[in-house]
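Subject: Structure for you to look at

Hello,

Here is the structure I said I would pass on. Please open it first, then read the notes under it with the model on your screen.

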Amino acid sequence: MSAINDATLFSLRLSLQVATVATVLVMLVGISVAYILARKDFRGRVLLDILITLPLVLPPTVTGYYLVILFGRNGFIGRFFYDLTGWSIMFTWYAAVLASFVVALPLMIKTARAAIESVDKNLINASYSLGHSELETVFKVILPLSRKGIIAGVVLSFARALGEFGATLMIAGNIPGRTDTMPLAIYTLANSGEWSTANFMVLFLTLISGFFLYITNRVGMRAV
Amino acid sequence: MGLSVNLLKKVRGFTLDVQWEVEDGMAVLFGFSGAGKSMTLQLIAGLMEPDSGSIHLNGNVLFDSAMKIDLPPQRRPFGYVFQDLALFPHMTVKDNILYGARGLCRDERKAGVKKIVGLFRLEGLERSFPAEISGGQKQRVALARALMGNPGALLLDEPFSALDNPIRLEMRRLLKDVRRKFNIPVILVTHDIIEAYTMADKIIVYAGGRIRQAGPPHEVFGNPVGPDVEMLVNMAGTASLPLCADLHLN
């Protein structure tokens with residue numbers, strides 16, 4: 001059996017698809033939350049920060065466990081969906097997206113928040129006093145000036161989403177041809193001794209992750 | 001007409017409690033660092049909220065704690081030049097100036113930028129970024145940007161403090177010129193006595209969050225109300241006063 005077969009290609013494509021969708025969501029939610037944490041003072045700010053950062057330090061299986069409790073067929077949120085539509089996110093590729101999203105989100109928020117906080121307050125005040133609304137100021141001043149951190153956050157999030165294993169296993173399962181992203185497929189292949197295919201996937205993941213780290217470093221080094 | 005302010009603001013052991021007004025003309029807020037001068041500008045521009053008081057510009061209420069009126073900074077028609085100038089580093093000179101245009105159509109903006117670029121002698125620098133131009137040029141861009149929106153008054157927070165002496169003199173001359181052309185009140189914050197003496201139509205002396213004395217320069221310098229104001233005024237020293245006379249900008 002050759003290393004590259006339909007199953008390998010499926011895993012590869014699924015992984016890219018899951019990581020891409022998750023990263024887009026991470027960008028939208030992550031940048032918004034990072035902005036709020038960086039610029040707004042409100043009750044529960046510290047709690048929100050901790051909740052969002054937890055997946056960074058918890059074992060991914062624990063994060064996945066929480067996701068099952070929340071979004072499973074009998075979960076706090078999943079139950080309503082199931083009653084309403086007869087559909088559950090469990091064991092679909094959407095679940096893999098959800099897992100990757102939750103695990104990658106803190107990386108985006110941490111880097112974007114630091115970048116937004118480092119934007120000179122006087123520039124923001126100048127924008128306001130020149131007649132520009134908060135939203136305009138975000139898009140024309142704050143985001144352009146924090147783009148380095150945001151790009152770094154996006155790249156890290158994508159790499160993290162691509163490598164997501166534990167939480168995905170808990171909520172999306174490891175269903176061949178449906179939810180077996182590359183990290184899951186590698187686990188299966190190693191268990192069943194299919195070394196040549198496993199080698200190919202491991203090498204591919206390593207190269208692509210190394211490439212992303214290289215990009216992050218380059219972005220980080222470039223002057224504003 | 002003009003600008004009148006009545007401000008009370010308490011922050012961490014410091015109380016600002018001032019009341020003054022200026023007609024058209026150049027008012028200089030003068031005093032040591034930490035006397036509340038910069039804070040006054042921020043309160044006027046709406047970047048901080050006073051605990052109580054009122055701010056009126058040309059008959060319009062911008063802030064009034066009793067009437068519960070508090071316009072956001074976007075709706076207060078001031079041209080604000082920050083101490084560090086706050087030019088947007090990611091925008092060209094032209095884009096920085098354009099960013100100050102308020103509610104104009106495209107053609108008006110284009111014409112406005114051209115006019116103001118000429119007025120501030122910035123021709124040829126339109127495509128440069130702030131990091132690529134000199135201190136004096138940055139200064140002129142900041143003024144141009146502040147004036148692009150046709151403000152009702154100019155607020156200048158020690159705008160010349162980072163400049164070398166010759167450029168500083170040139171900037172003072174330019175500012176006088178600008179004030180005459182636009183004919184709006186200018187509030188200039190400084191702790192430089194020569195600047196205060198040569199620029200002001202009215203000097204407002206700040207000390208510890210309060211006003212010690214206000215009036216035309218010759219009056220304040222001639223008859224300081226107390227030893228503290230006298231000390232402030234004498235900070236100029238004997239060396240700078242002849243210089244001051246030489247460079248009379250009126």
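Predicted model: local features only at pLDDT ≥ 70, side-chain atom pairs only at ≥ 80, totals over all residues.

Chain A

Chain A has 11 helices and zero strands. Read from the N terminus, its elements are therefore α-α-α-α-α-α-α-α-α-α-α. The C-alpha trace of chain A spans about 65 × 45 × 25 Å along its principal axes. Of the 224 residues in chain A, 43% are buried. If you take the contacts in chain A between residues at least 6 apart in sequence, 75% of them join residues at least 24 apart.

In soluble globular proteins, nonpolar side chains tend to be buried together. Here the largest nonpolar core has 134 residues, and among those with the most contacts inside it are Leu98(A), Ala99(A), Ile171(A), Val28(B) and Leu155(B). Helix 5 of chain A, residues 93-117, supplies the largest share of this core, with 16 residues. Domain 1 and domain 2 of chain B each give at least three residues to this core.

Which residues does Ile171(A) touch, not counting residues up to four places away in sequence? They are Gly64(A), Leu67(A), Val68(A), Phe71(A), Met90(A), Ala95(A), Leu98(A) and Ala99(A).

The two domains of chain B

Chain B is assigned domain 1 (3-77 + 154-246) and domain 2 (90-151). The centres of domain 1 and domain 2 of chain B, taken over C-alpha atoms, are separated by 25 Å. Their contact takes 11 residues from domain 1 of chain B and eight residues from domain 2 of chain B. On the domain 1 side, helix 5 of chain B (residues 165-182) gives the most, with five residues. By class, the side of domain 1 that touches domain 2 in chain B has 10 nonpolar residues, no polar residues and one charged residue.

The open sheet of chain B

Five strands of chain B form an open sheet in the order 2-1-4-5-6, with antiparallel pairing. Which strands are at the edges? They are strand 2 (14-22) and strand 6 (69-70) of chain B, each of which pairs on one side only.

You can follow the sheet pair by pair. Strand 1 (residues 3-11) and strand 4 (residues 52-57) of chain B are antiparallel and share six bridges. One point to find on screen is Leu8(B), whose bridge partner in strand 4 of chain B is Ser52(B). Strand 4 and strand 5 (residues 60-64) of chain B pair over four bridges, also in the antiparallel sense. In this pair, Ser54(B) stands opposite Asp64(B) of strand 5. Strands 4 and 5 of chain B form a hairpin with two residues between them, and Asn58(B) in the turn has a positive phi of about 50 degrees.

Strand 5 and strand 6 of chain B pair in the antiparallel sense over two bridges, with Phe63(B) opposite Asp70(B). The hairpin of strand 5 and strand 6 of chain B has four residues between the strands, and Lys68(B) in it takes a positive phi near 55 degrees. Helix 1 of chain B (residues 37-45) lies across strand 1, strand 2 and strand 4 of chain B, and runs at about 110 degrees to strand 1.

A parallel pair

Strand 7 and strand 8 of chain B run parallel and are joined by four bridges. Gly79(B) stands opposite Leu154(B) in strand 8 of chain B. In a regular strand the side chains alternate between the two faces of the sheet. Both faces of strand 7 of chain B (residues 78-81) are covered: Phe78(B) and Tyr80(B) are buried on one side, and Gly79(B) and Val81(B) are buried on the other.

One loop residue

Leu163(B) is in the loop between strand 8 (153-157) and helix 5 of chain B. Why is Leu163(B) counted as partly exposed? It has 18 C-beta neighbours inside 10 Å, whereas a buried residue needs 20 or more and an exposed one has 12 or fewer. Beyond its neighbours within four places in sequence, Leu163(B) is in contact with Gly135(B), Gly136(B), Gln139(B), Arg168(B) and Met171(B).

Regards

How values were computed
Residues numbered from 1 in each chain as written. Chains lettered and ligands numbered in written order. Contact = placed C-beta atoms within 7 Å. Pairing = 2+ DSSP bridges. Axes fitted to C-alpha atoms, helices over the stretch in contact; angles between N-to-C directions. Core = buried A, V, L, I, M, F, W, Y, C linked by C-beta atoms within 7 Å. Domains from an automatic or database assignment. Nonpolar A, V, L, I, M, F, W, Y, C, P; charged D, E, K, R; others polar.
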